[in-house]
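Here is a short note for someone opening this model for the first time. Please read the points in order, with the structure in view.

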Amino acid sequence: MTRRDARPFVPDIGRPPDFHGAAACAGTDAERFYPRQGEHVPRIAKRICGACPVSDECLAWALKFPIEDQFGIWGGTSANERKTLLAARNREGGVS
Ligand code: SF4
């Protein structure tokens, strides 16, 4: 999850995740989902995620990546929000 591109994409595993076909962000401007450091999280990205039928799957997929690899908006969450979730999970013993 490190580069900006048309959404969704999965450069780390080289293929789209299973929810790819139903993603509300497919074909949208990927820039909306990747605020640069210091930029606020675009509300439009969270709104798109809020109407996405695969939001739960998307968030679960994003949470499979380690804290240091969290970038962009996935499953309606920002990278910082997922880092907080992952840190809490790690404190609780890594149970998902
Ligand atoms: S939850 Fe958001 S980022 Fe994930 S597939 Fe849906 S629209 Fe895209």
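1. Two residues are in contact if their C-beta atoms, placed from the backbone, lie within 7 Å. This is a predicted model: local features need pLDDT of at least 70, side-chain atom pairs count only at pLDDT 80 or more, and totals for chains, interfaces and linings use all residues. Residues are numbered from 1 along each chain as its sequence is written.

2. The chain has three helices and zero strands (DSSP runs numbered from the N terminus; helices are H or I with at least four residues, strands E with at least two). The order from the N terminus is α-α-α. Of contacts between residues at least 6 apart in sequence, 41% join residues at least 24 apart.

3. Of the 96 residues in the chain, 22% are buried (20 or more other C-beta atoms within 10 Å of the residue's own; exposed means 12 or fewer, partly exposed in between; C-beta atoms are placed from the backbone).

4. Which residues of helix 1 are buried? They are Ala45, Ile48 and Cys49. These residues lie on the same side of helix 1, because they cover an arc of only 100° around the axis (the arc of the directions from the helix axis to the C-beta atoms). The face turned away from the buried side carries exposed Arg43 and Gly50. Helix 2 is part of what covers the buried residues of helix 1.
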